Amino acid sequence: MSAPKVVSTREEKLVILLVLSVLVLLEIAIRLNEDRLSGNISHIYTIPEIARQASDTTSDANLIFLGNSLTNNAIDKPHIETLNSSKNSIKAFKITPDGTAISDWYCIYNQYFLETTNTSSFVIIGFAWGQLSDQFPINPTRLGGFFCQIEDIDALEATGLTRHQQFLRFLAGSVSHVYVNREAIRNRVLDTVVPYYKETTQVLNRSPQNNTEMDGRGKSMSTYTSFTNLNQSIKSSNRQLVVMAMPVIDNYSIDAELLDTFTSLGIPLLDLRNVEKIEKNMFLDSIHLNAEGSRIFTEALVEKLQPYISNDRLNTLN
Amino acid sequence: MLFNSFIFWIFFLIIIVAYRYLPHQGQNRLLLAGSYIFYGYWDYRYLSLIFISTIIDYFVATGIYNSSEQQQKKRILLISICANLGMLGFFKYYNFFAVEMSELLLLIGLPVPIKTLNIVLPVGISFYTFQTMSYTIDVYRGKTVPTSRFLDFALYVSFFPQLVAGPIERSYNLLPQILEKRPQLKENLVEGIYHICIGMFKKVVIADNMAPIVNSVFSRPVSDLSGPEIMVGIYAFAFQIYGDFSGYSSIAQGIAKLMGFNLSWNFKMPYFASNPSDFWQRWHITLSAWLRDYLYVPLGGNRLGKLLTLRNLMLTMLLGGLWHGAGWTFIAWGFYHGLLLIAYRVFEFKQQGVARKLMEHRVGKGLRIIFFFHLICFSWLLFRADSIDQVWAMMGVLVTNFEITNFVYYASGMLIFFAAPLVALEYWIEKSGDLLKVVNSHWLVRASIYSYFAVMLWVFPPLTNQVFIYFQF
């Protein structure tokens with residue numbers, strides 16, 4: 001082994017400059033092509049437009065669906081707009097970025113809906129397991145990069161976002177689009193070069209050891225501060241919050257504390273965990289509905305929603 | 001605090017900035033306080049163990065040095081050995097031996113339940129107890145003069161870059177660097193950055209991306225696996241453990257270097273070893289050297305004839321296995337490495353003439369490296385398996401089920417994508433014979449390698465942070 005040769009400061013500066021240049025070029029390239037990285041990111045970039053439409057539309061009832069891929073797969077948007085037995089005109093809007101939960105939904109609502117009011121709007125949140133609890137794992141990078149402003153952090157304290165490590169990831173996400181999109185970039189690259197990448201990753205993600213989507217279920221001592229804050233925001237913009245428990249193959253229970261929270265805040269719960277006609281073969285995997293399941297789910301949802309979207313109900317809200 | 005966390009780098013930034021503006025003694029106080037904060041951030045209660053170890057070994061070393069009688073020196077040394085091994089034994093091995101003893105007594109018809117304790121293994125206890133013990137033993141042997149500066153000795157015990165996972169530093173290497181003023185050289189910066197970059201790359205990009213593959217293979221029922229799936233899981237673990245542990249050592253070396261300290265090399269391209277003896281001069285070098293100097297040599301080393309040399313090798317490796325963890329798989333791992341060393345000794349004695357020439361030829365050496373890598377991989381099966389039963393079951397599947405599934409293609413693709421560039425880089429370094437080849441190459445080459453590391457670190461970290469494997473030892 002030899003000792004390092006005597007290096008010149010100029011050389012080391014050039015090394016650092018070149019490394020930084022590569023990172024900056026990568027950042028620029030990603031920023032220019034971000035919406036093409038994945039369908040999910042493309043959807044995230046349409047959220048402001050969806051929110052604008054939802055606020056401007058003057059139908060009898062605007063249903064703003066807030067959720068993740070469970071809700072996205074379960075709601076048949078065109079179908080829901082034809083299913084209005086009470087002859088009210090209904091418009092549906094889906095904001096359902098993958099892998100999101102209560103902290104993301106809180107920020108999305110505050111960023112895009114808080115300043116607008118639309119008294120005929122319902123915000124319908126689809127959830128499963130512990131996705132409404134503060135203890136559900138958060139993705140601070142995504143929160144910082146896509147959904148939250150720095151002023152939202154206090155309201156999400158209960159989720160652990162203010163802890164050093166999480167907060168620093170939040171900051172990294174808000175600064176670098178490469179960092180916030182790393183999962184999408186990684187998937188694109190590895191899907192190209194690694195055989196069976198997508199299929200095997202999906203299997204690995206579903207295994208109990210690596211599952212993040214289902215983390216947080218069954219945890220004791222759940223709290224619902226972020227959810228309560230979100231309800232407060234929705235109320236302050238004159239909208240009505242409705243929650244729906246989503247179906248998955250392996251059923252789950254709803255925390256008693258959460259049920260008490262719904263009752264005390266006057267939030268209707270549409271329990272759709274066991275829709276009669278939905279069979280196991282209507283799931284693409286263990287949690288996402290296929291097209292047929294989606295159609296049946298949507299019909300069941302509208303039926304359950306009828307009491308809330310009738311004219312009488314709208315009048316009481318007004 | 002983990003080296004692969006943002007919080008550590010903010011902590012280190014504060015330390016290094018303050019460090020530059022302090023005089024020598026101020027630097028040492030800062031590092032001591034920083035080291036206790038670093039460790040206490042994980043669990044402040046266990047700081048007391050480091051403190052107790054520090055006090056005992058400080059006074060024991062002084063006592064040995066001031067004592068004129070050999071028997072008295074020995075008695076004082078025993079205090080240090082008993083205290084350090086006692087702490088290690090209690091926290092690391094008590095439950096293991098309690099359970100095994102209970103089962104043994106039950107076997108001979110004495111159902112005596114021995115209570116197990118709900119205790120957490122203090123991070124890094126195996127490393128700092130070995131480090132402090134080496135100090136008192138070296139003072140006893142007259143290789144080290146004890147320091148009278150308690151706070152500087154406390155820094156030697158708790159120096160944060162290598163506190164929780166090594167390298168295990170000898171007092172005659174690290175202590176003088178603490179006691180004397182450290183020059184701030186431009187070369188330190190260049191070399192320090194290199195160690196940190198490659199260490200982070202090995203840990204975050206290689207080790208942590210191999211973890212889901214390894215976990216998938218070792219957590220599934222063996223009946224659900226095919227032989228090639230197990231094989232690729234073992235390959236992935238070989239790179240996971242190497243990336244994890246050598247990555248930690250490199251980062252430790254790098255951050256110490258930025259402060260002017262030279263820590264020992266703990267890894268030197270171990271998968272290019274062509275025999276067991278070569279391997280232990282490249283893998284966890286500071287532990288191998290420790291075991292050699294404080295166990296193998298006192299047992300008689302190779303001075304007592306062939307048979308006793310082989311016995312000493314086996315005992316050393318068995319205890320080396322036990323050092324890694326309280327479990328039969330670790331003991332089996334040590335036993336297997338003992339067998340490899342013994343077989344190599346025997347084989348080496350008999351190897352002459354044409355056979356020796358063939359082995360030394362370039363092709364022969366390449367084949368030996370590949371063959372020996374697979375022998376090492378088998379040892380990783382013992383190391384990673386949850387139980388000896390799992391080892392047997394996996395070995396059975398390895399030789400009976402040859403189905404190449406989609407998982408095998410996937411895992412092989414991931415291995416090539418993440419680990420192959422590292423193997424290529426290490427081959428280049430190995431061939432050059434210069435461990436600092438990257439640092440000593442043209443700045444454009446260096447910048448290209450660092451850019452690759454930076455992009456991989458920024459874009460390809462694992463989706464969840466993994467802790468360092470060696471923290472549990």
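How much space lies in the second largest pocket? In this predicted model, the second largest pocket holds about 1300 Å³ of space. Its lining is made up of 36 residues, and those closest to its centre are Trp9(B), Ile196(B), Met200(B), Leu457(B) and Trp458(B). Several helices give two or more residues to this lining: α1 (9-33) and α7 (164-175) of chain A, and α1 (6-20), α8 (186-219) and α18 (443-459) of chain B. The most is given by α8(B), with seven residues.

We turn next to a strand of chain A. Strand β1 of chain A covers residues 61-66, and six of its six residues are buried. On one side of the strand are Ala61(A), Leu63(A) and Phe65(A), and on the other are Asn62(A), Ile64(A) and Leu66(A); both faces are covered. β1(A) pairs with strand β2 (residues 90-95) of chain A in the parallel sense, over six bridges. In this pairing, Phe65(A) stands opposite Lys94(A). β1(A) also runs parallel to strand β3 (residues 121-127) of chain A, to which five bridges join it. There, Asn62(A) has Ser121(A) as its bridge partner.

The last topic is charge. Side chains of opposite charge can pair when their charged atoms come close. Over all chains, the structure contains 21 salt bridges. One of them joins Glu27(A) and Arg31(A), with the closest N and O atoms 3.0 Å apart. Both residues lie in helix α1 of chain A, four residues apart, which is about one turn of the helix. Glu27(A) counts as buried because its relative accessibility is 14%, under the 20% limit. Arg31(A), at 42% relative accessibility, counts as partly exposed.

Arg142(A) is buried at 13% relative accessibility, and Asp104(A) is buried with a relative accessible area of 1%.

In chain B, Arg292(B) forms a salt bridge with Asp293(B), the closest N and O atoms being 2.8 Å apart. Arg292(B) is partly exposed at 44%, whereas Asp293(B) is buried at 15%. Finally, Glu11(A), Glu12(A) and Arg446(B) are joined into one network by salt bridges that share partners.

Definitions and conventions:
Residues are numbered from 1 along each chain as its sequence is written. Chains are lettered from A and ligands numbered from 1 in the order in which they are written. This is a predicted model: local features need pLDDT of at least 70, side-chain atom pairs count only at pLDDT 80 or more; totals for chains, interfaces and linings use all residues. Side-chain values use heavy atoms; hydrogens and water are left out. Buried means under 20% relative accessible area, exposed over 50%, partly exposed in between (1.4 Å probe, protein chains only). Two strands pair if DSSP finds at least two bridges between them. On a 1 Å grid over the protein atoms alone, a cavity is a set of points where a 1.4 Å probe fits but cannot get out, and a pocket is an open set with protein on both sides within 12 Å along at least five of seven lines; lining residues have an atom within 4 Å of a point. Grid points are joined across faces, edges and corners, and a volume is the space filled by probe spheres set on the points. A salt bridge is a side-chain nitrogen of Lys or Arg within 4 Å of a carboxyl oxygen of Asp or Glu.
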